[in-house]
Amino acid sequence: MPRGLGIRAKNACVCFGDVVALRHASLTILPGEFISIVGDSGGGKTTLLRAIGGLRALSSGSIEFHSASGANWIPGPRDIGFCFQEGRLLPWRSVLANVALPLELEGVASGERLDAARAMLERMRMGGVERRMPSQLSGGMRMRVAMARALVTRPRVLLLDEPFGSLDEVTRLALEDELLSLVRESGATAILVTHAIGEAVVLSDRVAVLRGRPGSLQPAIPISLPSRDDEGRLSVEFASLCAIVQHELRGSQESSV
Amino acid sequence: MKRTLTTMLPPVLVLVALLTAWQIGVQVWNLPRYLLPSPWLILCSAWQEQSRLLAGMLQTAMAAVGGFGLAVFIGVVTGSLLGASQRLQKGFYPIALLLQMVPLVAIAPLLVIWLGYGLRSTMAAACIVAIFPVLASTLDGMRGTDPGLREIFAIHHAGRLARWWKLELPGSLPSIVTGCRVAAGLAVIGAVVGEFVSGYAGDQAPLGIVIVSSMREARTDLVFAAVGLSACVGFLLFGIVSGLGWLLLRRWHASAVQEN
């Protein structure tokens with residue numbers, strides 16, 4: 001049974017005054033599932049992700065969590081890991097202290113939290129840089145540290161807001177593989193917001209398209225690939241699935257023009 | 001070492017040139033010593049009166065350091081409270097702004113009434129003058145906290161105190177240190193002005209009293225010596241605060257500079 005939580009969004013709406021940022025989004029995510037949300041800028045992808053993470057209050061509708069056994073679940077401080085595009089590391093803290101921060105906020109004893117942070121950094125192949133400051137890291141390394149921080153509490157839901165958006169192609173591919181294996185290993189439910197269709201297809205079990213601006217969520221497209229590695233990226237299935245998602249997106253662009 | 005020399009040398013040279021011009025000017029125009037004593041005479045008088053001046057310097061330094069310390073504590077705590085609550089900020093900040101416009105010389109007699117003559121009053125005067133830059137810089141730092149970093153704390157359900165201690169306060173440190181450097185100079189001004197009104201006369205008279213009593217005795221040389229020493233107290237305090245600030249921000253600063 002996966003550790004990840006199931007998520008049910010029903011008619012979720014977010015408004016800022018008169019501006020509608022998210023319109024009647026309904027989505028069911030299974031425990032342990034990896035789902036990506038793609039769509040135009042301003043469609044409400046990030047707003048939906050933040051609403052799931054509890055960073056945005058819903059104007060109407062609901063978002064509920066449940067365990068793999070179906071029991072309702074109210075997420076605690078450890079249950080949600082959030083990885084942002086810019087990494088968002090505290091510039092005055094070392095890499096190790098940054099990764100240990102979520103555990104520190106929870107009051108975990110110093111030795112225990114530093115051991116956990118070290119182990120997570122080792123897992124991310126970042127063992128040698130724990131004493132460095134964020135400014136001394138490359139973009140890819142910062143993202144690894146941000147991922148390590150998001151995963152250090154062993155979250156049941158991992159939210160990823162365009163985490164690879166500002167990275168070069170080589171680093172991006174390496175980190176995509178890394179992310180996939182980490183998510184599979186942890187059994188967490190993962191939601192990825194991205195502009196990159198290929199990234200969404202190769203990583204996800206399903207891809208959801210937010211159509212229009214503000215977007216309306218289309219039924220998610222199931223993804224089935226022979227493999228999730230470089231070979232998978234070269235497969236016919238990958239190309240056709242990318243085309244299907246692209247078609248959905250183009251539809252969304254036509255409808256928004 | 002070479003860099004320190006190239007930084008220090010130009011102002012030292014200018015200072016030496018100015019003092020030489022002053023010395024020559026006084027001798028050429030034969031100016032009376034009560035009007036403008038020569039630098040050499042000031043130095044000689046200061047040497048003769050060294051015990052009185054050093055005791056005064058110690059008193060003034062105590063008032064300035066004590067007042068500055070109080071100002072930092074009250075300024076950071078108040079600035080943090082105002083930064084944490086929009087309502088408090090709207091209610092109290094305009095009043096704090098108005099209060100800092102009240103001239104210290106006008107408040108000093110009140111301090112004597114409330115706290116009596118001596119160190120407590122002068123310390124309070126130093127504190128009142130120094131408090132606003134610390135408060136304003138703390139508030140600025142708090143308001144400037146990166147909203148993205150706040151979200152990291154919100155995701156992990158961090159409490160208000162943890163957010164202040166681990167995010168807002170360290171994030172505000174560069175701004176607070178700048179405020180403290182301004183406050184360090186102001187604290188000495190506040191202490192000396194406070195001493196004009198509330199300082200004790202006698203062997204342990206602070207520099208403010210030395211200045212006033214020397215003026216009455218037409219000992220302009222001693223007035224200059226006391227003014228010079230109060231400036232030294234200011235430099236010293238400013239230097240110590242800057243050094244401590246550098247130590248505090250060493251790691252932070254390097255990263256912030258590179259990140260920008």
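Among contacts in chain B (heavy atoms within 4.5 Å) between residues at least 6 apart in sequence, 73% join residues at least 24 apart. The model is predicted: local features need pLDDT of at least 70, side-chain atom pairs count only at pLDDT 80 or more, and totals for chains, interfaces and linings use all residues. Residues are numbered from 1 along each chain as its sequence is written, chains are lettered from A and ligands numbered from 1 in the order in which they are written, and side-chain values use heavy atoms, without hydrogens and water.

**View 1. Chain B as a whole has 10 helices and 0 strands.** Helices (H or I, at least four residues) and strands (E, at least two) are DSSP runs, numbered from the N terminus. From the N terminus on, the order in chain B is α-α-α-α-α-α-α-α-α-α. Its C-alpha atoms fill a box of roughly 75 × 55 × 25 Å along the principal axes. Of the 260 residues in chain B, 42% are buried. Buried means under 20% relative accessible area, exposed over 50%, and partly exposed in between (1.4 Å probe, protein chains only).

**View 2. Helix H1 of chain B has a kink at Leu9(B).** The kink is about 30° and lies shortly before the proline Pro10(B). Such a bend is the angle between axes fitted to the seven residues ending at a residue and the seven starting there. H1(B) covers residues 2–28, and its end C-alpha atoms are 38 Å apart. That agrees with the 39 Å its 27 residues should span at 1.5 Å a residue. The expected span is 1.5 Å times one less than the number of residues. After H1(B) comes Asn30(B), with a positive phi near 50°.

**View 3. Gln23(B) is buried in H1(B).** Its relative accessible area is 18%. Leaving out residues up to four places away in sequence, Gln23(B) touches Ser38(B), Pro39(B) and Trp40(B). Gly25(B) and Val26(B) of H1(B) are buried too. The cover over the buried residues of H1(B) includes helix H2 (39–48) of chain B.

**View 4. Helices H3 and H9 of chain B cross at roughly 130°.** H3(B) spans residues 50–84 and H9(B) residues 207–216; their axes come within 7 Å. The axes are lines fitted to C-alpha atoms over the stretch in contact, and angles run from 0 to 180 degrees between N-to-C directions. H3(B) brings Arg52(B), Leu53(B), Gly56(B), Met57(B) and Thr60(B) to the contact; H9(B) brings Leu207(B), Gly208(B), Val210(B), Ser213(B) and Ser214(B).

**View 5. Helix H2 of chain A is mostly covered.** Of its 11 residues, 10 are buried. Among them are Val95(A), Asn98(A), Pro102(A) and Glu104(A). The buried residues pack against helices H3 (110–123) and H4 (139–151) of chain A, together with H7 (147–155) and H8 (160–198) of chain B. Gly107(A) follows H2(A), with a positive phi near 85°.

View 6. Most residues other than glycine have a negative phi. Arg88(A) is buried, at 12% relative accessible area. Glu162(A) is buried at 15%.
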